[in-house]
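Please open the structure in your viewer and keep the selection tool at hand. The tour below goes from one stop to the next, saying at each what to select and what is there.

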Amino acid sequence: MNAFQNALKQLKAAADTMPLDSTTLEILKNPDRIVEVSLPVRMDNGALKIFTGYRVQYSNARGPYKGGLRYHIKVDLNELKALALWMTMKCAVVGIPMGGAKGGITVDPKKLSAGELERLTRALARAMKDVFGPDRDVPAPDVNTTPKIMAWIMDEYSKIAGQSTPAVITGKPIAIGGSAGREAATGQGAYYVIEELAKKLKMQPKKTAVVIQGFGNVGYHMANLMHTAGYRVIGLSDSRGGIVDLRKIGMDPKNVMAQKKSRGMIGEMYCIGSVCDGTNYKAVSNEKLLETPCDILIPAALEHQITNKNVSRIKAKIVLELANGPTTPEADEKLRRRKIVVVPDILANAGGVTVSYFEWVQNKQGLYWTEAEVLQKLEPIMRQSFDAIWDRHLKYKTTLRVAAFILALERLQNSIKARL
Ligand code: NAD
């Protein structure tokens with residue numbers, strides 16, 4: 001089963017649980033439009049190389065299409081269709097007036113020089129000049145795309161439009177219209193969700209052990225927030241492996257980051273300043289890290305990490321999905337049977353797209369907010385979305401994932417029917 005078939009399966013599970021109009025379901029089974037473009041790029045050695053770029057515009061029933069651009073050698077249409085469907089659901093879950101999309105280029109950007117990457121990106125912006133647009137389709141960063149790449153797209157689009165158009169893309173550097181608070185937004189949004197879940201399940205931070213896979217933008221911010229709130233962060237990892245606190249006291253992620261910066265890896269020992277302990281802390285592989293006994297397991301790295309192969313060895317009570325699609329549908333079903341609570345990606349990591357939407361709003365009004373203002377606006381959105389999903393979880397006696405899809409589908413149905 002490919003990624004899009006998996007996503008459709010999730011859609012159907014929700015549609016079968018709730019009263020959903022058949023027109024809405026039929027419309028949402030397919031993307032509105034798929035655009036494929038050919039991108040000739042002059043390489044540094046003088047040769048002309050042709051790349052392929054895609055944009056899947058899934059639904060604009062609730063507002064302009066919104067979703068990231070991925071530069072990866074494995075970018076394929078089924079994956080982009082699935083990600084675009086999830087974006088549609090995610091924007092509806094947090095109730096922002098945006099639709100869903102996803103795009104990308106089949107390329108390994110690490111094999112390009114800075115100049116080649118810029119020419120490729122500008123070629124994409126030109127080829128997509130009638131596809132992207134502040135009121136049409138607003139891309140953002142995703143795997144291997146950066147604020148700098150967003151800046152090139154904004155710049156190229158603005159040149160073609162003949163006017164500064166910052167609202168055509170989000171995730172830009174702050175100097176050209178990016179939003180304060182965007183970097184921490186995904187972790188911060190997830191933290192509000194955890195606070196709400198803690199109230200429902202009567203969890204106490206000091207008694208709660210947390211393991212986080214992925215120590216990048218999302219994982220690091222989340223680790224810091226949880227540590228600061230008193231949760232015991234007992235396991236952390238990045239692509240090179242992880243570290244586990246054998247005494248389960250909890251580590252300060254800032255110390256682990258210092259260790260990563262000085263030694264290039266986070267495993268083997270835990271250091272506070274120059275004092276290191278290699279006895280009570282153990283290096284673990286990424287596979288083993290996921291199997292560490294804990295209360296909350298947070299995959300914050302890649303998709304397809306909890307699968308049929310390892311699901312029986314997951315020893316967490318809660319899985320909080322900060323990565324997109326970290327749990328395969330088969331594993332999800334097994335977690336449900338084992339009564340492990342899964343907080344789905346379309347809620348858990350939706351703080352990111354919510355602040356992207358704030359960036360777009362600020363660009364359109366030409367008035368910029370402080371980080372404190374951004375977080376003040378993010379907080380009620382995340383808490384209310386959690387509550388709305390929890391209500392549906394109880395009402396329909398279903399998982400939080402199906403409940404999140406139900407909430408999204410209710411909102412999409414209202415927007416679709418209002419137009420018919
Ligand atoms: P990032 O590139 O900053 O960090 C990724 C981290 O994962 C790095 O620490 C990397 O070393 C680690 N990693 C890679 N392979 C690994 C492996 N096999 N095992 C353990 N760790 C591994 O990326 P990010 O922005 O933090 O995004 C992480 C995930 O969150 C992605 O799935 C992304 O789609 C999702 N997400 C991000 C945002 C956002 O705002 N950045 C929003 C929504 C969802």
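This is a predicted model: local features need pLDDT of at least 70, side-chain atom pairs count only at pLDDT 80 or more; totals for chains, interfaces and linings use all residues.

Residues are numbered from 1 along each chain as its sequence is written, and side-chain values use heavy atoms, with hydrogens and water left out.

**The annotated site**

Begin by selecting K66, K90 and S356, which an unreviewed UniProt entry lists under "binding site"; UniProt positions are given in the numbering used here, with feature names shortened, and annotations may be inferred rather than shown by experiment. These residues span 291 residues in sequence, yet no two of their C-alpha atoms are more than 12.6 Å apart, so they gather at one spot.

K66 is buried, with a relative accessible area of 1%, where buried means under 20% relative accessible area, exposed over 50%, and partly exposed in between (1.4 Å probe, protein chains only).

Move on to S356 in helix 12 (residues 351-365), which is buried as well, at a relative accessible area of 3%. Which residues does S356 touch, not counting residues up to four places away in sequence? They are K66, T170 and R182, a contact being heavy atoms within 4.5 Å.

**Charged pairs**

The structure holds 33 salt bridges, each a side-chain nitrogen of Lys or Arg within 4 Å of a carboxyl oxygen of Asp or Glu. Select K102 and D142, whose side chains meet in a salt bridge (3.1 Å, N to O). This pair links distant parts of the chain, with K102 in strand 4 (residues 100-106) and D142 in the loop between strand 5 (137-141) and helix 5 (147-161), 40 residues apart. Both K102 and D142 are buried.

Next, select E156 and R126, whose side chains also meet in a salt bridge (3.1 Å, N to O). E156 lies in helix 5 and R126 in helix 4 (residues 114-127), so the pair ties together parts that are 30 residues apart in sequence.

Then find R263 and E268, joined by a salt bridge between their side chains (3.2 Å, N to O); R263 is partly exposed at 35% relative accessibility, and E268 is partly exposed at 38%.

**A buried threonine**

Select T24 in helix 2 (residues 22-28), which is buried, with a relative accessible area of 0%. Leaving aside its neighbours within four places in sequence, T24 is in contact with Q413 and I416.

**Rings**

Finally, turn to the 7 aromatic pairs of the structure, for which rings of Phe, Tyr and Trp (its six-membered ring) pair if their centres lie within 6.5 Å, with planes under 30 degrees apart counted as stacked, over 60 as edge-to-face and the rest as tilted. Select F386 and W390, a stacked pair at 5.7 Å centre to centre with 20 degrees between the planes. Both lie in helix 13 (residues 371-395), 4 residues apart, about one turn of the helix. End at Y357, F358, W360 and W369, which ring pairs link into a cluster.

Note on methods:
Helices (H or I, at least four residues) and strands (E, at least two) are DSSP runs, numbered from the N terminus.
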